Amino acid sequence: MIARREIWSYPEEAKVWVGKYRNSHNLLHWHYDCEFVYVERGSIDIFCEKKKHSLHAGDALFTDSGQIHYQRACEKDTVLIVMVFDYNIVRPFLEKYQLASPKLYNRYPIPDYYERLRGILTQRKRFYGEEAKCAVCEMMIDVFRGEQLVHRLGNDRTEEAFKRLLEDVHERYAEYTFEDAVHFMGMSDAYFSRYFKAMAGTTFSQYLNYVRTDNAVRLLQSGEGMTMTEIAEACGFATIRNFNRIFLEFTGYAPSRLPEDYVLSDKFTYPSEQAFTPTLYDCELIESSDAE
């Protein structure tokens, strides 16, 4: 998923999902659901609210509805507990207040809440949706009582415009330019460059090249029989030489030598040189509340 809105699917009666990931890494994205993560083992960096938060075993972070974020495990076999739930469940807490920091300063029995929710959602007894809602509310009351809060500000129109920009780039990447993005946001060139880097952790040109390379990989693997020149043009690369250079930069392969099972990593979104290469250790869902 390329820096766009993520839509979660829930069980029929419950607006809650929980699971565990090994070596979690994902692209810049947002959703109108709330997300609570807890590091069970290892360490992970999470970019949220224009800041990188480093989490280690026992640390937790809450991503509010609509916040742009991404995450990257920093060591092999990092295990992350993830709990996602509908914003309306916790609307009474979030309408007036928000956490001063997404990363929690104090410790809470998050693994206990996780096991409780997983049991509710897998057993699916009568009224399990309401029971899961109550468990989420209990957890958030615990957290909101223990953490520093600030009064919630109104909607950030600039951030909403930034989200629309990312979706616009995703739809029209082939012909998109830096000037188009600046005009879309209504900013000066210099201010837009600083703003995009603060929001995304990368430059606009790097992001645009990644989107184009991602689509080039998809076309190469589609079996449609397009030539390299046709793929380069379809994805917005000015010349075949430019295409080859950028493709090699992001994938490590020439377009003609790309392995059939290759999956493009998203290293460009990660600002730390200490991260392990995502292609070495696959992100894996190792447990979830989905009915078995």
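**Group meeting: a first look at the fold**

In this protein, 76% of the contacts with a separation of 6 or more are between residues 24 or more positions apart; contact here means heavy atoms within 4.5 Å. The model is predicted, so local features need pLDDT of at least 70 and side-chain atom pairs count only at pLDDT 80 or more, while totals for chains, interfaces and linings use all residues. Residues are numbered from 1 along each chain as its sequence is written, and side-chain values use heavy atoms, with hydrogens and water left out.

The protein has nine helices and 10 strands. Those are DSSP runs numbered from the N terminus: helices are H or I with at least four residues, strands are E with at least two. Of the 292 residues, 50% are buried, meaning under 20% relative accessible area with a 1.4 Å probe, protein chains only.

Now helix α2, residues 110–123. Its 14 residues should span 20 Å at 1.5 Å a residue, and its end C-alpha atoms are 20 Å apart, which agrees. The expected span is 1.5 Å times one less than the number of residues. Among the buried residues of α2 are Ile-110, Tyr-113, Tyr-114 and Leu-117. Their cover includes β1 (16–22), β7 (79–85) and α3 (128–146). After α2 comes Arg-124, with a positive phi near 50°.

Next, a sheet. Three strands make an open sheet, ordered β4-β3-β6, with antiparallel pairing; strands pair if DSSP finds at least two bridges between them. At the edges are β4 (51–56) and β6 (69–73), each pairing on one side only. Strand β3 (residues 43–48) is joined to β4 by six bridges. Ser-43 stands opposite His-56 in β4.
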